[in-house]
Amino acid sequence: MIKARGLARRFATKAGPVDAVRGVDIDVAEGELVGFLGPNGAGKSTTLRMLTTLLRPTAGEAVIAGHDLLSDPAGVRRNIGYVGQRTGAGQDQRVRDELEFQARFYGLGKHDARRRAADLLDRFDLAGLEERGVITLSGGQQRRLDIAMGMLHDPRLLFLDEPSTALDPQSRRHLWEHIKQLRAGGTTVFLTTHYLDEADFLSDRLLVIDHGSIVGEGSPDELKNRVSGDLVVLGTPQASLVSEKFENAVVEGEQVSFRVPNGDRTLPGLLRDLGDLGVELHSVQVHRPTLDDVFLTMTGRSLREEARAA
Ligand SMILES: Nc1ncnc2c1ncn2[C@@H]1O[C@H](COP(=O)(O)OP(=O)(O)OP(=O)(O)O)[C@@H](O)[C@H]1O
């Protein structure tokens, strides 16, 4: 559904050229939900704007939804939906008018526009709100309306730029369910996000971008496994004895922690071996790595800090 090769964008600025995206390859299969994760300024929006024809690449090529990005941008646009960070449906319009007007813009007849709008209002839990002004909707409702607008022409591929930014936890969860339903209905979804929990919950596969290059790729679980292994924390009076057995073990008082691959499977044997050595254990904990650990390892920066600073 997306095949991009060597996609790059250089901006000319007074301070000299800025290489916002440095030749990325992106493959997204039909029906996949792919999360595009990266810190501020990593190149997410620039990549997304190129993939959606809003910005011309300075190098590279791509085929999006079966159409060539450079020679047939109109074909790409017909087959994709794009929901930007602030798509902001017309604030002074009524919900139904907004949807129907946009549907007419996509070339639907009056009757079809009305039917399509009603169907989307239903699908995005907005039924009953059609007479309301867009400005009176809650943040979560507005965001769902934005996505409904992006789905009016029934695109096979939907791009979402930071879909849940500025929503409260409950509205985010609700929105996530709707995004999952889109995927279940066969729509391919490519979304950018700052939020690790969002990337973890939604994505079949993640692409991690930093300084304009892809630095990691895989399912959330694959990335977690590849990068750090599980953190085992043992409480024992013989912490330093235990630490000698494991590379990179850290001792803090009567606690020793170290990383092992597949902690849940390795742990029973490991505890048996320690028992054979006569090690006395007070407590045992295994922590799966978080995507934040992954991020830190790949980029040297914590995404949580980035998100807080944003
Ligand atoms: N029009 C522009 N002119 C000059 N530099 C730009 C322009 N647009 C983006 N950049 C620079 O390109 C780099 C990538 O920006 P981009 O907006 O793609 O990052 P991002 O990952 O989307 O960040 P954020 O999460 O903050 O939206 C940044 O260094 C940014 O300052």
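Predicted model: local features only at pLDDT ≥ 70, side-chain atom pairs only at ≥ 80, totals over all residues.
A residue is called buried here if 20 or more other C-beta atoms lie within 10 Å of its own, exposed if 12 or fewer do, and partly exposed in between, with C-beta atoms placed from the backbone. By that rule, the buried residues of helix 11 (residues 291-299) are Leu291, Asp293, Val294, Phe295 and Thr299. Helices (H or I, at least four residues) and strands (E, at least two) are DSSP runs numbered from the N terminus.

Residues are numbered from 1 along each chain as its sequence is written. The predictor's confidence in each residue, pLDDT, runs from 0 to 100. It averages 89 over the protein chain, and 95% of the residues score at least 70. The model as a whole scores ipTM 0.96 and pTM 0.82.

Now let us turn to the ligand. Around it sit Phe11, Thr13, Val18, Ala20, Gly38, Asn40, Gly41, Ala42, Gly43, Lys44, Ser45 and Thr46, a residue being near a molecule if its C-beta atom, placed from the backbone, lies within 6 Å of it. Strand 1 (2-13), strand 2 (16-28) and helix 1 (44-51) each give two or more residues to this shell, and helix 1 gives the largest share, three residues. The shell divides into four nonpolar residues, seven polar and one charged; Ala, Val, Leu, Ile, Met, Phe, Trp, Tyr, Cys and Pro count as nonpolar, Asp, Glu, Lys and Arg as charged, and the others, Gly among them, as polar.

Next, the interior. A nonpolar core is a set of buried Ala, Val, Leu, Ile, Met, Phe, Trp, Tyr and Cys residues joined through C-beta atoms within 7 Å. The largest has 64 residues, and Ala148 and Phe159 have the most contacts inside it. Strand 2 supplies the largest share of this core, five residues. A second, separate core of five residues includes Val232, Leu234, Val256 and Phe258.

Finally, look at Gly107, in the loop between helix 3 (95-105) and helix 4 (110-123). Gly107 counts as exposed because it has 10 C-beta neighbours inside 10 Å.
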